[in-house]
Every structure is written in structure tokens, then in C-alpha cells.
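Please open the structure in a viewer and keep the selection panel at hand.

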2 protein chains.
Amino acid sequence: MATIDDVARRAGVSTATVSRALRGLPNVAEPTREHVRRVAAELNFAVSRSASSLASGRTDTVAIVVPHVTGWFFAKVISGAEAVLRAAGYDVLLYSIGDTESRERFFARLPLRGRADAVLVLALPVTEAEVGLLEGLGVPIGLVGHDVAGLHSVGIDDAAGARVATRHLVNLGHKRIALISGDGDPLGFTVPGMRRAAFQEVLRANGLRDAGEVVGDFTYAGGERAMTELLAREDPPTAVFAMSDEMAVGALKALRRHRIDPGGAVSVIGFDDHEMAEVLDLTTVAQPVAEQGSTAASLVLRQIGGQRATEPERVVLPVRLVVRGTTAPPRS
Amino acid sequence: MATIDDVARRAGVSTATVSRALRGLPNVAEPTREHVRRVAAELNFAVSRSASSLASGRTDTVAIVVPHVTGWFFAKVISGAEAVLRAAGYDVLLYSIGDTESRERFFARLPLRGRADAVLVLALPVTEAEVGLLEGLGVPIGLVGHDVAGLHSVGIDDAAGARVATRHLVNLGHKRIALISGDGDPLGFTVPGMRRAAFQEVLRANGLRDAGEVVGDFTYAGGERAMTELLAREDPPTAVFAMSDEMAVGALKALRRHRIDPGGAVSVIGFDDHEMAEVLDLTTVAQPVAEQGSTAASLVLRQIGGQRATEPERVVLPVRLVVRGTTAPPRS
DNA sequence: CTGTTAGCGCTTTCAA
DNA sequence: TTGAAAGCGCTAACAG
């Protein structure tokens with residue numbers, strides 16, 4: 001593999017000039033630059049990233065830390081972030097630290113130390129200690145889906161989303177409304193708690209009490225189990241708010257199995273606006289997902305460029321109610 | 001940030017000893033090693049990866065190249081590969097080059113040159129020219145979901161999968177069988193072609209002709225559209241083979257909308273064994289997805305360690321028919 | 001078992 | 001506009 005010295009020698013200039021010419025820096029005569037470019041191409045030269053970053057202190061890489069790569073939400077967010085980073089010339093280093101063990105190892109060793117110019121933490125609520133470790137990296141940090149005082153973040157108003165979902169059911173006239181919630185918080189997700197509180201708040205404000213809450217683990221199967229359980233109760237709900245579309249789809253499946261028409265005897269509303277929601281005619285609260293990733297990426301990119309730390313921005317993206325066929329007034 | 005020299009000075013040893021001690025190399029007295037470790041911890045020292053890889057020529061990083069991060073299949077494969085790589089101490093660099101433009105830029109600049117000790121190319125059929133470029137990187141290459149002479153690869157027997165699916169329908173007594181296929185090959189995917197050929201082969205072997213083929217783009221919505229179109233034909237099929245579960249689910253939705261009972265008037269079989277397949281009681285051909293990623297990762301890892309290039313392995317993982325409720329004999 | 005010493009390939013002053 | 005030269009922080013012989 002050709003080095004910068006090979007190019008310099010062959011082009012009859014100094015390595016400094018090659019470096020400048022190839023990086024598009026000013027103060028290089030255009031003919032010189034052209035010549036260097038040509039020679040570099042001939043030699044099939046590409047800078048050694050490690051040498052370059054050792055010398056410059058830059059890595060041209062951004063780390064993305066996620067709980068999982070699978071899962072509709074995470075994949076979408078990563079995808080949104082990656083597009084922006086790639087376009088800005090950054091490479092993406094991926095760390096998925098879903099289980100406790102890998103999470104601990106990650107924070108203990110911080111493998112990305114010195115490997116990234118910025119870090120994006122997706123949907124992973126970090127403890128105060130972890131924030132400290134991340135800040136010790138000395139690079140800009142961007143959060144998606146949760147926020148921490150002093151750090152840049154992007155997210156949605158989960159409470160507002162849950163409120164609009166619940167109000168929609170209340171406004172249709174439902175009195176017995178149940179919740180299919182997220183899991184028992186193994187990773188410390190804050191989302192389920194926020195949505196639950198907002199759900200309860202709206203019910204209370206309308207003089208209602210929930211008709212049950214069942215955990216659905218944010219999966220299809222969990223949603224189906226949860227709905228099945230709710231249907232077997234003494235006084236089954238006439239409407240259900242599922243904290244994610246995936247669980248809502250599972251719930252629809254359970255209804256169908258019980259020969260209950262969604263939007264007929266039982267209304268269902270989800271959260272996300274998953275591609276499947278449209279296909280299944282599921283009423284839901286839409287959130288911009290890829291955009292949360294791209295916005296966060298832009299945020300940290302701006303930080304990298306910035307001379308001094310700007311004060312943390314907290315971007316809240318809008319959610320909106322998408323009414324489809326699975327919600328309707330209760331049967332009288 | 002402390003450097004290795006700071007640690008060496010403070011510990012009263014040479015930098016070489018620090019390097020050896022911290023990397024767990026032999027020939028370091030245990031007390032010395034302990035002492036160095038302690039001092040390094042005190043100083044919060046972490047090796048500079050760029051310095052380290054500049055000096056050693058290793059990067060401890062593997063690049064994963066995919067068309068998209070979203071999409072059930074890709075996310076799962078990435079996840080499987082990542083787990084293995086992480087466990088082996090490698091970081092993961094992610095390149096998604098789904099659209100033609102980013103694909104061209106990727107191969108033109110090969111940003112991973114010198115940044116990775118191996119490359120995993122997932123479900124992205126590479127042209128001969130592209131293979132040449134990748135090989136020019138001089139690192140082991142692993143392919144998933146397609147293969148190229150001379151390269152290591154992991155995949156399933158797509159033809160066998162499609163045959164078993166089609167035979168299942170034929171064996172149930174169906175005569176009018178349609179295909180919901182993948183998209184028009186924008187990225188050069190070879191999978192749709194292989195599955196289609198196998199489908200036709202089985203029909204032919206049984207003296208049948210297909211009852212139509214409609215493109216479903218590997219999406220829910222596409223599957224629904226495709227099924228809807230098939231139902232509007234002169235002589236609609238009594239059974240449908242969808243090349244992916246996602247399309248099959250869309251097809252089920254279309255049937256439901258037409259008040260047709262899946263597994264009753266029309267049978268549907270998918271491909272993948274997506275989580276949703278179980279929930280929706282969808283008959284399908286199961287393929288190990290995460291395992292394709294992890295196997296490929298192991299393959300290249302072995303190559304990295306290996307002194308000389310072993311001859312290319314081509315691992316074919318098994319598929320199996322999972323019969324559920326959406327397939328049954330045709331109504332007489 | 002430990003230390004010395006060349007580099008690894010680039011970027012970046014500082015001079016010219 | 002270009003060149004010379006000093007590192008960036010580490011690893012890997014080689015010596016001892």
C-alpha cells in the first residue's frame with residue numbers, strides 16, 4: 001500500500017504538499033494539486049486513518065451506542081443518524097450494549113475512547129455515573145429518547161403523546177380503558193413510566209380509573225398475551241392503549257382470535273406509526289423516528305465543529321394522532 | 001489524557017513494560033504487571049487506538065457493510081455478527097450503502113481501507129469489480145446471503161427453501177398457486193431470482209403453471225397490494241407463496257379485508273419465520289438469521305488469526321418448513 | 001524479565 | 001506557495 005512519501009517522491013513535491021493538496025486545503029497551486037491528485041490516484045493511495053488521526057487528533061468517526069440493533073425503533077434511528085454522519089464524511093462505530101453485562105463492560109473499558117469525535121446514545125437512559133464516564137471522553141455527546149441535564153438531546157414529548165392517545169379514547173366515550181405497557185424496565189428505560197403517568201393523568205382528569213395494565217414487553221407476542229389476559233378479566237376493557245405499535249398489533253391478533261372486531265367491541269390505539277400500522281388500519285400516535293436520529297447527528301456534528309461548547313440544546317419533535325379504523329365509540 | 005509515557009514514568013518502568021503488562025503479554029513479572037495496572041488505573045489511562053494501530057498494523061475493528069440497517073433481516077444479521085465480534089474484542093464499523101449513490105461512493109473511496117481487520121458484506125451481491133476492490137483491502141472478507149467464488153460465505157439454500165414451500169402447497173392439493181416476489185432487483189439481489197426459479201421448477205415438475213406473479217417489494221404494503229391484485233384476477237389463486245414473511249403478512253391483511261379466511265379459501269406461506277409469523281399463525285419457511293451473522297463473523301475472525309489464507313468456506317445453514325394455520329387443502 | 005530504540009504514516013508549525 | 005522537520009503515542013525487535 002502506497003504511503004504519502006511514495007506519492008510525494010513520485011510527484012516531486014514534499015509530503016506536506018501532498019497532504020494539503022489531497023485534503024483540499026488552501027494555499028496549494030491548482031496545477032500542483034491536480035498533479036498530486038493524479039499521482040495519488042495512479043498509486044492507488046489512500047491515507048492511513050490511524051496515522052492521520054494520531055497526528056491530527058481527529059478520528060472522523062462518530063460512535064453510536066444503542067441497546068439493540070434489532071427492533072424497529074432503534075434500526076430506524078440508527079439509519080437516520082447514519083445517513084447524516086455519512087454525508088458529513090464521518091464513519092460510524094456501532095456499540096450495542098443491551099444486556100447488563102455488555103453494558104458494564106462498555107462503561108468499564110470505554111472502547112470508544114480516542115476512537116470517535118462524538119458519541120450518540122440512543123434510547124439508552126444513562127445513569128449519572130455513566131454520564132460522567134462519557135463526559136470524560138471529552139467529545140460531544142448527543143442523546144436520543146431521554147435527556148440528562150447539561151447534555152444535548154433529541155426526543156419526543158412522550159407524555160403529550162400518551163395524553164393525546166388516551167384523550168382520543170376518552171373522547172370517543174370509552175370508560176373502561178386498559179393499558180398495555182412496556183417491560184419492567186430492565187435497562188432503565190424511562191419511556192414506559194412517562195407514558196403510563198400521562199395515561200393515568202388523563203383518566204383521572206376525566207374521573208376514570210384504568211381498566212387494568214398488563215406488561216407486553218414491547219413485542220408482538222407480548223401484546224397478544226396482554227390483550228388475551230385483559231379479555232379474560234371480570235370486566236374487560238372496551239378500549240386499549242398499547243405503548244407501541246408492535247404490541248398493538250399483537251393485541252389486534254388476540255382480538256381477532258376471539259372473534260372480536262377491532263374498532264367494534266374493542267378499540268385499540270398504538271404508538272409509533274410503524275409501517276404495519278397503516279396496513280392493519282391501526283390508529284396510533286405517530287412519532288418521527290429516523291428524524292430523531294438525524295437531528296441528533298446534526299446536533300453533535302455542530303458541536304464537533306464548534307469552538308467552544310454551546311449550551312445544550314434539547315430538541316423535542318412533534319407527535320401526532322393518526323386516526324384509523326381500530327378506534328371507534330364503544331358499542332352502546 | 002495520560003499517555004503510556006506518563007504511566008511508565010509514574011510506575012518507574014519502561015513504556016515497553018507498560019505496553020506488555022497492560023496487554024497481558026507473557027514475560028512480565030506478576031507484581032510488575034499488577035503495579036502497572038494500578039498506576040494506569042490511577043491515571044485513568046487508555047491506549048490511543050490510533051497510535052496503537054499505527055504501530056502494530058492492527059485495528060481491532062471489523063467493518064460490516066449492509067444495504068440498510070432497517071429491515072428485519074439485516075438488523076438481525078448485524079446483531080448476530082456484532083455479538084460475536086464484540087465478544088472477540090473487536091469494534092464494529094457500520095457502512096450502509098443501500099442506494100446506488102452511496103454504494104458508488106463507498107467503492108470509489110473505500111473509507112474502510114486501513115480501518116478494519118476484516119470486512120463482512122451482508123446480503124449485498126457485489127459485482128466482480130467490487131470484489132476486486134474489496135480484495136485490494138488485503139483483509140479477510142466474509143459474505144452473507146450470496147456467494148462469490150473464492151470468498152468465504154454463509155447463507156441458506158434459497159432454492160431448497162422455495163421448493164419446500166411450493167411443494168407444501170402442491171401437496172395440499174393446490175393447483176392455482178401464485179407468487180408474491182421481491183422487488184425488481186435494484187441492488188442486484190440474487191435471492192428473488194433463486195426463489196422464483198425453484199418455485200417454477202416445482203410447479204413444472206407437478207405439471208402446473210403459476211397462477212401469477214406480483215412484485216411485493218419485500219414490504220407489508222407491497223404484499224397487501226400484491227394480494228389484492230391477485231384476488232382481482234380472472235382466475236384467482238387458491239394459494240400464495242410470498243418470498244418474505246413481511247409480504248405474507250400484508251397478503252393476510254388483504255385477505256382479511258376481502259373477508260377471506262387465510263388457510264380457508266386461500267392459503268398463504270411466507271419465508272423467514274419472522275416473530276410476527278407465530279403471532280399471526282403464518283405457515284413459513286424458517287431460516288436462521290442471527291446465526292448467519294454470527295457464523296460469518298466467526299469465519300472472518302478465524303481468518304484474521306490464521307497465518308495463511310485457508311481455502312474459502314461456504315457455509316449453508318438449514319431451512320425448515322414451519323406449518324401453521326394459514327395453509328390448508330383448497331376448498332373442494 | 002525489562003529497557004532501548006527505531007519506526008508506523010501522517011499533520012502541522014515554522015521558515016523560506 | 002512550498003519544504004523541512006518535529007512530533008502524535010504506541011509496538012516490536014533487539015539487547016541486556
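**Stop 1: The surface near DNA strand D**

The surface near DNA strand D consists of 13 nonpolar, 10 polar and four charged residues. Here Ala, Val, Leu, Ile, Met, Phe, Trp, Tyr, Cys and Pro count as nonpolar, Asp, Glu, Lys and Arg as charged, and the others, Gly among them, as polar. A residue is near a strand if one of its heavy atoms lies within 4 Å of it.

This is a predicted model, in which local features need pLDDT of at least 70 and side-chain atom pairs count only at pLDDT 80 or more, while totals for chains, interfaces and linings use all residues. Residues are numbered from 1 along each chain as its sequence is written, chains are lettered from A and ligands numbered from 1 in the order in which they are written, and side-chain values use heavy atoms, with hydrogens and water left out.

Select A:Thr17, A:Arg20, A:Thr32, B:Ile4 and B:Ser19, which come nearest of the 27 residues around DNA strand D.

Next, select B:Ile4, where a backbone N or O atom lies 2.3 Å from a phosphate oxygen of DNA strand D. At B:Arg20, a polar side-chain atom lies 3.5 Å from a base nitrogen of DNA strand D.

**Stop 2: DNA strand C**

Zoom in on A:Ser19, which has a polar side-chain atom 2.5 Å from a phosphate oxygen of DNA strand C. At B:Ser14, a polar backbone atom is 2.9 Å from a phosphate oxygen of DNA strand C.

**Stop 3**

Now select α4(A) and α4(B), whose axes come within 8 Å and cross at roughly 135°. The two helices are therefore oblique to each other. Axes are lines fitted to C-alpha atoms, for helices over the stretch in contact, and angles run from 0 to 180 degrees between N-to-C directions. Angles under 35 degrees count as roughly parallel, over 145 as roughly antiparallel, 65 to 115 as roughly perpendicular and the rest as oblique. Helices (H or I, at least four residues) are DSSP runs, numbered from the N terminus.

Finally, display the side chains of A:Ser50, A:Ala51, A:Ser53 and A:Leu54 in α4(A) and of B:Ser50, B:Ala51, B:Ser53 and B:Leu54 in α4(B), the residues that make the contact (heavy atoms within 4.5 Å). By class, this contact has four nonpolar, four polar and no charged residues.

Notes: A polar contact is a pair of N or O atoms within 3.5 Å; within protein, one must be able to donate a hydrogen and the other to accept it, and residues adjacent in sequence count only if both atoms are side-chain atoms.
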